[in-house]
Amino acid sequence: MISDLFSMTVLVGILASGIRLATPYLYASIGETFSQRSGVLNLGVEGQMLLGAFAAFYVALTTENLWFGVLAAIVVGGLMGLAMAFVTINLHAEQGISGIGFYLFGLGLSDLLFQKMLGTVETVKGFPKVHIPVLSDIPVVGEIFFRQNVLVYIALALVPLAWFVLNKTTLGLKIRAVGENPEAADSLGVSVARIRYFTVVLGGIMSGVAGASLSIALLNVFQQNLTSGLGFIAVALVYFGAWRPWGVLAGALLFSLINSLQLWVQVLGIPIPSDIAVMMPYILTILVLVLTVSRVRPPSALTKSFERGD
Amino acid sequence: MKKFRFLLTLILTLAVLLTACQTKETEPVVEEETGPFKIAVVMPSAINDLAFSQSMYDALVMIQEEMGGEEAMTFVYSDGMFVVDDAAAAIRDYASQGYDLVIAHGSQYGSSLQEIAPDFPDTSFAWGTTVDTFGIDNIFAYEAASQEGGYVNGVIAASLSESGVLGVVGPIETGDAKLYVDGFVAGAEATVPGIKVNVNYIGSFSDVALASEAANTHVAAGADGLTGTAQMVIGAIGVAEENDALWFGTQASQTELAPAHVVANQVYRWDVVLSEILDLIDAGTLGGTSFVIDLANGGEVMDFNPDFELPADVQALAEATVQGIIDGTITIELGE
Amino acid sequence: MSKSSQENWLPKLIDTALPVFATAAALLVGAIMLLLLKVNPVEAYKAMWDGAFGSQNALAETLVKATPLLLVGLGICISFRGDVINIGGEGQMIVGAILGTLVGLTLVDWPGWAVIPIAVVAGFIGGAIWGGIPGALKAYFNVNEILSTVMMNAIAVQLMNFLLRGPMIDPSQAALASKIPQTARLLEAFRLPRWVPTRLHLGALIAVVLAVLVYFLLWRTTWGYRIRAVGQNPDASRYAGVKVKNYIVLALVLSGAFAGLAGVMQVYGVNYRMITDGSASGFTGSAGFNGIVAALFGQLHPIGTIPASILFGALLVGANKMQRVVQVPSALITALNGLVVVFVVSSEIWRRRRQKRRMAVAVSEVEGQPPEGYPPDPDHQPEVPA
């Protein structure tokens, strides 16, 4: 039984499903990385994901156009981000609590809209798996990487893009400056508020798309509390990745791979109580961090509101 | 300063307390017997979950129609009451408002009911799924013999499987879910000895994403027939469809989610229990009895998808299995 | 300590009432949503008021709901003052409840007056362990506490599911087919006294007493002073010879311990057993999260957290009543709570502005120092402990 874990089917299965599971985390965590890098902790990711998921699902269902669905998720996630930005940047509200508020709001509103606008669980034809020509025929690797849906590919492509923006562009420099030392950035003429607005709205958009990746690409359904805590894990993964896109990718993959591993452990009948198996990804994620003792400090201005010149 | 704030808080709290006490205690409104029969139901998930809560909601709508509409019976509900002590407050509140029957539709509510029911001897309570009435004479209990439909589904799934592998997605390994899953496994193994039935419990009733990935795992492990129970399986049904695997539903009909791939559903017909309970209440008995819905009493119905072309021999085998369970020639051995 | 503020009671009153105004504003927005759902908002909010304060029983229910919020909130006051963000209250409540319940299920031959205190201590320890692990991980391995507490919540839920359907299952359930994942009921002698006929239990009073104790802990003891000092400026504390790491652990241990207490009180005061529906919130009612909100509403002050918990508890209890009376979906209630949180936390800006103005006046008058650091704590400058 345990030796079955090392068969090719199982390994390919674990990797392919690990990448699928990682997709919503990637969107949400990369978005959150941007907002945290600029000094804003957004705990409302889960609520933004839920509203994004519903918007995408509803629009995709009614217009029968999946890209309109993604667009709807972008708009709704962006609006939620805008509200979060206004509350935390203009009104200087405590970030963690605002986030919890927006989480509850999104959790309730998405469910309410679902009940009033759809009324019952329905399915939508989501993004199909795209078999990338040639590459998808490579044994093993093809099945893992090149037979996924388009939102999975975009999520993976966002990692280097996010790295590039954060580390190689002026915008990235400004974001990091605002997150490390807003006073200094301000004195150099960078608008702290504008940068933070940008990152928080971007975070909202990404969370919205994360929701869409669930409702119209991976699961193709909507239900109350569809995300079921994914958004909070996504925030946690930003800390795992130490505010770096590649680190976030590593965290999302690690967590998801162990999750798919535990599914296989049960399928193969390895005698571990199911609840204990379900714990594995959570325990191991912590353990890995313990073993790779990191010296990275969070952005100095994280959670700290900035008030100009007084 | 500190003292001041403390005092202020104290005063404010007292003020709140005082205003509260001023308002007259609202007396329980006891309805006259002439009005319609009033039912209140408290449910853990949403009324449209295509699973546990929906099965009860549908039953109430059905009963209402049977009885002749709102003039004969009205019902109110609180859904999404997964917080146990909120549910307890709701149950007590409904009881004190003079509802004739208060249904606590969730096994986690039993403890609260045990405490509340004795305070309202004229109100009838019902809860499920269990057989335990705590010996209190105004509590009915109801349970589903979900292993029976599970067994039938298992028989069909095993007969149709070409790969010899089936997959099951469960929430947590207990209660109604475990009964169904064990029944499914027993049915499959009795039909095709040596068939592989892989079982996965994902540790949650709500994690649609993980349930769906569990289904993917089953498919990758070679399963061509899938089943699962509780409200988080809706995504798994899509996975079955996408991979051209068959789906076997339970609790409510899930055919509409994958019209070409759902073979059969075990549908709960709580209305069977409800009408018996209502008859008893009419006759003056407020509780003390427990009910089991099963294939024999029509509380569980095998609902075959008309659009799925089930081979005649399998259809016959399924019907014979249902009959065998009803007349007792088939007994379901549940593994531990 | 500025003596002058003692006379300015009116601004203080306004500040204290600010969350109430903000709540009202959020409910006004909620009224629009109610209208859209074709529900009369006046009727709905009357039901809400009745549900929270309308009768002796309603008031008791509000206080029952407020109790775990206050207990978790007290822990949050400690950890946030120490600049440690504990969002692991859900898991800490669960583990506290598990250990506390174990005591009640094991010491069946013991008298109630002995079992209850032992159980309470066990709950305290359970929460302390579940909070202490992320604390130690943060202090010694630089593992961020938001990550570890989120993960520890999930682990606690699975641990609970495992124990309640296996080793700790009610023996009478183990024999039945339904096998409801719950423990046996606590003996009557082990239950916290209630104010009959309501569910209001001794835990509420204990929580209030503990609020005063936490206040003393934070502002009258060396431990408390150092936790706050580490929270405000870890580097300065380190130079001053404070073992910063130990105080990070201490902040999370204490924070977790109070959440653990909240968990054990729910079992011994309200439910009399543990039951799982597979999620954390089925048992905790999300008090592990809502307690954070209550503490912040209370300005991270233990005494301020008392009325804040009552306000938030009233909102939750009243909203459920509103759901029942006007039959709106419970989802609306959740959204409404979210709005209240956002509005209240946003209203803080007015309090801070007024404070700044007052401070400016005070500074020009006595040449004092304006307050430093975050979270804002104008009333309690760090003081040298006795």
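**View 1. The two domains of chain B in a predicted model.** The C-alpha centres of domain 1 and domain 2 of chain B lie 29 Å apart. Domain 1 of chain B covers 37–145 + 270–293, and domain 2 of chain B covers 146–267 + 301–327; such bounds come from an automatic or database domain assignment. This is a predicted model, in which local features need pLDDT of at least 70 and side-chain atom pairs count only at pLDDT 80 or more, while totals for chains, interfaces and linings use all residues. Residues are numbered from 1 along each chain as its sequence is written, and chains are lettered from A, and ligands numbered from 1, in the order in which they are written.

**View 2. Where domain 1 meets domain 2 in chain B.** Eleven residues of domain 1 of chain B are in contact with eleven residues of domain 2 of chain B; two residues are in contact if their C-beta atoms, placed from the backbone, lie within 7 Å. On the side of domain 1 that touches domain 2, helix 2 (residues 52–67) of chain B has the largest share, three residues. By class, this side of domain 1 has five nonpolar, five polar and one charged residues. Ala, Val, Leu, Ile, Met, Phe, Trp, Tyr, Cys and Pro count as nonpolar, Asp, Glu, Lys and Arg as charged, and the others, Gly among them, as polar.

**View 3. The fold of chain B.** Chain B has ten helices and twelve strands. Helices (H or I, at least four residues) and strands (E, at least two) are DSSP runs, numbered from the N terminus. Of the 336 residues in chain B, 60% are buried, that is, 20 or more other C-beta atoms lie within 10 Å of the residue's own, with C-beta atoms placed from the backbone. Among contacts in chain B between residues at least 6 apart in sequence, 65% join residues at least 24 apart.

**View 4. The contact between chain C and chain B.** Chain C gives 50 residues to this contact and chain B gives 49 residues. Elements of chain C with two or more residues on its side include helix 1 (9–36), helix 3 (56–81) and helix 15 (330–366). Helix 14 of chain C gives the most, with ten residues. The side of chain C that touches chain B has 18 nonpolar, 21 polar and eleven charged residues.

**View 5. The contact between chain A and chain C.** Here 42 residues of chain A are in contact with 37 residues of chain C. On the side of chain A, helix 4 (95–118), helix 10 (230–240) and helix 12 (274–291) each supply at least two residues. Helix 4 of chain A gives the most to this side, with 15 residues. The side of chain A that touches chain C has 28 nonpolar, nine polar and five charged residues.

Notes
Buried ≥ 20, exposed ≤ 12 C-beta atoms within 10 Å, placed from the backbone.
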